[in-house]
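The sequence and structure come first, followed by the points grouped by topic.

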Amino acid sequence: MSFPEGFVWGAATAAFQIEGATTADGRTASIWDTFCKTPGAVVGGDTGDPAADHYNRVDEDVQLMVDLGLQAYRFSTAWPRVRPDAGPVNQAGLDFYSRLVDKLLEAGIAPWLTLYHWDLPQTLEDAGGWANRDTAYRFAEYAESVVGALGDRVVNWTTLNEPWCSSLLSYAAGIHAPGRQEPEAAVAAVHHLLLAHGLATAAIREQAPNAKVGITLNMYPIIPADPDDEADLDAARRLDGLQNRIFLDPLFKGEYPADIVADLEPYGFSKHIRENDLEIISAPLDQLGVNYYAEHFVSGHPEPESAAEPAGQVQTNGRRPTGSPWVGAEHVTFPSRGLPRTDMDWEVEPDGLFKVLKRVHEDYPSIPLYVTENGAAYRDSIEDDGSINDHERRDYIDGHLRAAHAAIRAGVDLRGYFAWSLMDNFEWAEGYAKRFGIVHVDYVTQVRTPKMSAMWYSQVARGNALTATVAP
């Protein structure tokens, strides 16, 4: 099962999840540094230190990528490291990423840079965060700084990672930083994040004309529990609007979906949209990143508490009270289908990746697609000989790569795949309790150990192909 010539094989990380060194060389606090100090916000009271100590282990980590045969590395730059407190440029912060880019290029690995993976400077949150329109303009300034320093060497640029998470999950549900539960602020954040994307896109194009610019969205098929039930169909419509169309439509059609605008009118969504905003947001892109983990199987009817999914398949583990990310659709429930689940309690459904890729290909203007995140958390066990035989993770990735291959055969212009994640790391509100890495990290010694899934993935990447049958 060969992939097209030139198909990109990579792995992905995010700055706050791996770097550590949260106060080193002028870096100041992000919303995640603050959130970690909130009682009950993060499992175990974990923080972004030491994470995987990547800030001090760049040489080792790039060599790890070389050993695995990766062709590309998707990483993010930390806004509070580059422009602490959203103020002047911190040269030490830029120099760190410049060294990383140089080391990647020397190793023959293409850098794929994401400008925003959720680490908003706390100073900007104090001024309103993404609910404040001004934050979009500050983001454009930050983007200009990074592109000015790295645009001569970095070709592939992603403006935002998963704006659904940094708006609805963060400002409505309060599950992610800054932990607010304000639906009005959440819908404002949706628009201001998209505006920030558009402004940053213009900044990148101005300073790096040869850059390839994209955005990464987490997209999921929304499946009604009963396709003949009006309540379930309406639940699916609402969640598809909030998860997928509210981002895809303005980016590629220059308009918000009318039904979702109507749903969000009680929360003042329209008042944030100014003249020319949608023109800025819908500037042409070179590629689109697709993050996929699971489908959403939804109902408009109440479920017994013991049978219902957590809101949006996000675990809260009985920690600080949180709300629903589904503004205007808080009544929607998530019945179980009895499918296998990961350690995040997310259903395993590889065919959902095929559905997402096919849908974008058919419903939106033709654009090259990359799977920029896909992977699974499982409870790894270390054998006596030190090996980590994570068959479940290997099988998860294998199944999703087969779905990706099927999408290519069906005509989808899919050009690459990035495993999430290169290494175990700080898993946001789950702290260090969940491991997504294909490489194990001992957080005490910081020793990296490639898991069986990493060795298998390395073979796939080097051969640009899967075996005809599921791996043994």
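Helix 5 and helix 7 pass each other in a right-handed crossing. The model is predicted, and the values below are computed from it.

**Helix 5 and helix 7**
- Helix 5 spans residues 91-106 and helix 7 spans residues 134-150.
- Their axes come within 10 Å, and the crossing angle is roughly 45°.
- Angles from 35 to 65 degrees fall between the roughly parallel and roughly perpendicular classes, so helix 5 and helix 7 are oblique to each other.
- On the helix 5 side the contact is made by Leu94, Tyr97, Ser98 and Val101, and on the helix 7 side by Ser145, Val146, Ala149 and Leu150.
- Sorted by class, this contact of helix 5 with helix 7 has six nonpolar residues, two polar residues and no charged ones.

**Helix 8 and helix 9**
- Helix 8 (residues 163-172) packs on helix 9 at an angle of about 165°, with the axes 8 Å apart.
- Because angles over 145 degrees count as roughly antiparallel, helix 8 is roughly antiparallel to helix 9.
- The crossing of helix 8 with helix 9 is right-handed.
- Helix 8 contributes Pro163, Ser166, Ser167, Leu168, Tyr171 and Ala172, which meet Pro183, Ala185, Ala186, Ala189, Val190 and Leu193 of helix 9.
- By class, the contact of helix 8 with helix 9 consists of ten nonpolar and two polar residues, with no charged residues.

**Largest nonpolar core**
- The largest nonpolar core has 160 residues, and the members touching the most others are Trp32, Tyr116, Trp130, Phe139, Trp157 and Leu288.
- Helix 9 (residues 183-207) gives the most to this core, namely twelve residues.
- Beyond its neighbours within four places in sequence, Trp157 is in contact with Leu113, Leu115, Val146, Val147, Leu150, Gly151, Ile204, Ala211, Lys212, Val213 and Gly214.
- Two of these partners of Trp157, Val146 and Leu150, also belong to the helix 7 side of the contact with helix 5.

**Phe35**
- Phe35 lies in helix 2, which covers residues 31-36.
- Its relative accessibility is 2%, under the 20% cut-off, so Phe35 counts as buried.
- Leaving out residues up to four places away in sequence, Phe35 touches Ala41, Val42, Gly174, Ile175, His176, Ala177, Pro178, Gly179 and Arg320.
- Phe35 and Pro178 are 143 residues apart in sequence, while their C-alpha atoms are 6.1 Å apart in space.

Conventions. Residues are numbered from 1 along each chain as its sequence is written. This is a predicted model: local features need pLDDT of at least 70, side-chain atom pairs count only at pLDDT 80 or more; totals for chains, interfaces and linings use all residues. Side-chain values use heavy atoms; hydrogens and water are left out. A nonpolar core is a set of buried Ala, Val, Leu, Ile, Met, Phe, Trp, Tyr and Cys residues joined through side-chain atoms within 4.5 Å. Buried means under 20% relative accessible area, exposed over 50%, partly exposed in between (1.4 Å probe, protein chains only). Helices (H or I, at least four residues) and strands (E, at least two) are DSSP runs, numbered from the N terminus. Contact means heavy atoms within 4.5 Å. Axes are lines fitted to C-alpha atoms, for helices over the stretch in contact, and angles run from 0 to 180 degrees between N-to-C directions. Angles under 35 degrees count as roughly parallel, over 145 as roughly antiparallel, 65 to 115 as roughly perpendicular and the rest as oblique. A crossing is left-handed if the near helix is turned anticlockwise from the far one by less than a right angle, and right-handed if clockwise. Ala, Val, Leu, Ile, Met, Phe, Trp, Tyr, Cys and Pro count as nonpolar, Asp, Glu, Lys and Arg as charged, and the others, Gly among them, as polar.
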